[in-house]
Amino acid sequence: MAKLTEQDFRREVSTGQLKNLYLIYGDEKYLVKKYTEQLVNKAAGKDPSAFDYARFDAGTPLEEIFTASEQLPVFAGRKCVTVLDYNAEAANESDLKMLESFLADVSPLTILIFSMPTLESPDGRKGSKFKRLLTAAEKYGTVLELPKREELALERHLVAWAERSGCRLDPINASKIISQCGNDMTLLRNEIDKLCAYADGGEITRDMIRLLVVKNTEVRVFALADCIRKNDFNGAYKQLFALFEQNEKPEIILSVLSSAYIDMYRMRVAAESGKKAADVAADFQYGKREFLLRNAQNQASKYSTRTLRRILDRILQTDIKLKSSPADKRILLETLLAEILLAVKEGQN
């Protein structure tokens, strides 16, 4: 058995030569849901009988899953059982051993699917409990990991989605959508559907994107940090107020802003120590989010270490006040922004 590529997985599903055990997981939840649905439709049909198909959510006792998996199909040639978001990391040792033993001998008349459509993907590091589930699935069945798409691949998806809806989307404008929304495919699909409805069979233009596409929190916070670096007071407050208008919680805004400056500080100190982004990523377990450090490296070069320390101190003090003070949270963030802008300006003098 094996860990398959998407192309090999699609071929396996299309031919109907299905295995008895599948594990589908990864950071791109849109694709996890899509491929799980395709597999279930192939294994059980689009309208399966309750006798031949069972779906279990997180928290279902393993004994119940095992019982359903051992039942014989009634109206179909095989029984399909789907387990959503099974959290191996929360399982005890007894359950893990029982699961490993069961996966080694799944009924030949059963297709058992473990899918992670919402559960954050564990890193599968050596010694983790998820690693044991992954190892068993690779040994006795098929594993499909679905990481986040690179930007070029996302552009192609957006252009193709638009074409299927009867609209035209230039790759440059597709890139613009990604820059505003981020790389989550579920969000991007929603934005394309909205733009296509507005375009009504025509071309999706930059003006439409500017009018309709909502920037996500992370993108706006990075734009806010960029305005701070440039000493653009008006731009910084404009970005902050835009976040308020999107009803983003002050705690979330502060958390993302804090992460951005922590990344910058780490890269600033790393540069002074002769370290690279890969070293920092390994030390702080960034995994697939190493790209954040490369972005932070460019920003960090504009600050002194002392200024970044001062900014992080102000963020910490504001965080404490947000959690313990009855003061207006919006005012606390507006005050923090003024303090950060002042620290940057003084650091450049």
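1. E93 counts as partly exposed, at 38% relative accessibility. The model is a predicted one. E93 forms a salt bridge with R132, and their closest N and O atoms are 2.9 Å apart. E93 sits in helix α4 (residues 93-103) and R132 in helix α5 (residues 129-140), so the pair ties together parts that are 39 residues apart in sequence. R132 is also partly exposed, at 25% relative accessibility.

2. A further salt bridge joins the side chains of K148 and E28 (3.6 Å, N to O). K148 belongs to the loop between β6 (142-145) and α6, while E28 belongs to the loop between β2 and α2, so this pair ties together parts 120 residues apart in sequence. K148 is partly exposed, at 29% relative accessibility. E28 is buried, with a relative accessible area of 0%.

3. Another salt bridge stays inside one helix. The side chains of D8 and R11 meet at 2.7 Å, N to O. Both lie in helix α1, three residues apart, which puts about one helical turn between them. An α-helix has 3.6 residues a turn, so residues three or four places apart point the same way. D8 is partly exposed, with a relative accessible area of 31%. R11 is partly exposed too, at 43%.

4. The structure holds 18 salt bridges. E6, R10 and R149 are linked in a network of them.

5. The largest nonpolar core has 40 residues. L158, I177 and I204 have the most contacts inside this core. Elements giving two or more residues to the core include β2 (21-25), β5 (110-115), α6 (151-164) and α7 (171-181). Helix α2 gives the largest share, seven residues.

6. What does I177 touch, leaving aside its neighbours within four places in sequence? The contacts are L158, L169, L188, I192, L195 and I209.

7. A second core is separate and has 38 residues. I253, V256, M267 and A277 are among them.

8. Helix α14 (residues 291-300) has a buried side. L292, L293, A296, Q299 and A300 are buried there. Seen down the axis of α14, the buried residues fall within an arc of 115 degrees, so they line one face of the helix. Their cover includes α10 (217-229), α12 (250-272) and α13 (277-283).

Conventions: Residues numbered from 1 in each chain as written. Predicted model: local features only at pLDDT ≥ 70, side-chain atom pairs only at ≥ 80, totals over all residues. Heavy atoms only, no water. Core = buried A, V, L, I, M, F, W, Y, C linked by side-chain atoms within 4.5 Å. Buried < 20%, exposed > 50% of the residue type's maximum accessible area, 1.4 Å probe, protein only. Helix = DSSP H or I, 4+ residues; strand = E, 2+ residues; numbered from the N terminus. Contact = heavy atoms within 4.5 Å. Arc of directions from axis to C-beta. Salt bridge = Lys/Arg side-chain N within 4 Å of Asp/Glu carboxyl O.
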